Amino acid sequence: MDRVSKENYYLDIAQTVAERSTCLRRAFGAIIVKNDVIVSTGYNGAPRGRKNCCDLGSCIREELGIPRGERYELCRSLHSEANAIIAAPREQMLGATLYMVCISPFDKSLQSGTNSCMMCKRMIINAGIETVVIRDTKEDYRVIDVQSWIDDDDSLSMKFGY
């Protein structure tokens, strides 16, 4: 019997969560898991009560041609990682793993090479999350030790995007 790996099992769930995204550019889904229990989920979308880009039919970052990973202060959405962290109690995030998937909102195809933005990296660090797993293909994923984001402080590099 072929059994899906634990990582791909959780990534499959994060991919389903991404389908709830309301972003017109990228659909992200994230789940936080600790001791094989899903602690919380999150997808990228406008704050509760505000109109989503999909409702407005436009994305200011897209209209301005802003590259991925830059100028998020213009974005209407909270990121999937931020929404998952907001929904989780801190004690359940300490030592946890965050699984993240990005799909195209147009055709639901996987978007490889994505990563957390600088702000989400800071939130993940402060939440006490230990590991981030990011899907690149249906079977392939990257495992990131969050300590590497502390040791290699990208906020000092003056490089933007991912």
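**Salt bridges and cores**

Analyst: Start with arginine 135, which is buried, at 1% relative accessibility. The model is a predicted one. Arginine 135 has a charged partner: its side chain meets that of aspartate 12 in a salt bridge, 2.9 Å from N to O. This pair links distant parts of the chain. Arginine 135 sits in strand S4, residues 131-135, and aspartate 12 in helix H1, residues 6-18. They are 123 residues apart. Aspartate 12 counts as partly exposed because its relative accessible area is 26%, between the 20% limit for buried and the 50% limit for exposed.

The count of salt bridges in the model is six. Glutamate 62 and arginine 25 form one, at 3.0 Å from N to O. This pair, too, links distant parts of the chain, 37 residues apart. Glutamate 62 belongs to helix H3, residues 60-63. Arginine 25 lies in the loop between H1 and strand S1, the strand of residues 27-34. Arginine 25 is buried, with a relative accessible area of 15%. Glutamate 62 is partly exposed, at 48%.

Next come glutamate 73 and arginine 71. Their closest N and O atoms are 2.5 Å apart, in another salt bridge. Glutamate 73 counts as exposed, since its relative accessibility is 57% and the limit is 50%. Arginine 71 is partly exposed, with 44%. Salt bridges with shared partners also make a network, which joins Asp12, Arg135 and Lys138.

Now turn to the nonpolar side chains. In soluble globular proteins, such side chains tend to be buried together. Here the largest nonpolar core has 20 residues. Those that touch the most other members are Ile32, Ile85, Met93, Leu98, Ile124, Ile129 and Val132. Several elements each supply at least two residues of this core: S1, helix H4 (80-86), strand S3 (97-103), helix H6 (118-127), S4 and helix H7 (146-151).

Leaving out residues up to four places away in sequence, valine 132 touches Leu98, Ile124, Arg142, Val143, Ile144, Val146 and Trp149. Leu98 and Ile124 are also among the core residues that touch the most other members.

Another core, of 12 residues, lies apart from the largest one. Its residues include Ala14, Ala18, Ala27 and Tyr99.

Note on methods. Residues numbered from 1 in each chain as written. Predicted model: local features only at pLDDT ≥ 70, side-chain atom pairs only at ≥ 80, totals over all residues. Heavy atoms only, no water. Salt bridge = Lys/Arg side-chain N within 4 Å of Asp/Glu carboxyl O. Helix = DSSP H or I, 4+ residues; strand = E, 2+ residues; numbered from the N terminus. Buried < 20%, exposed > 50% of the residue type's maximum accessible area, 1.4 Å probe, protein only. Core = buried A, V, L, I, M, F, W, Y, C linked by side-chain atoms within 4.5 Å. Contact = heavy atoms within 4.5 Å.
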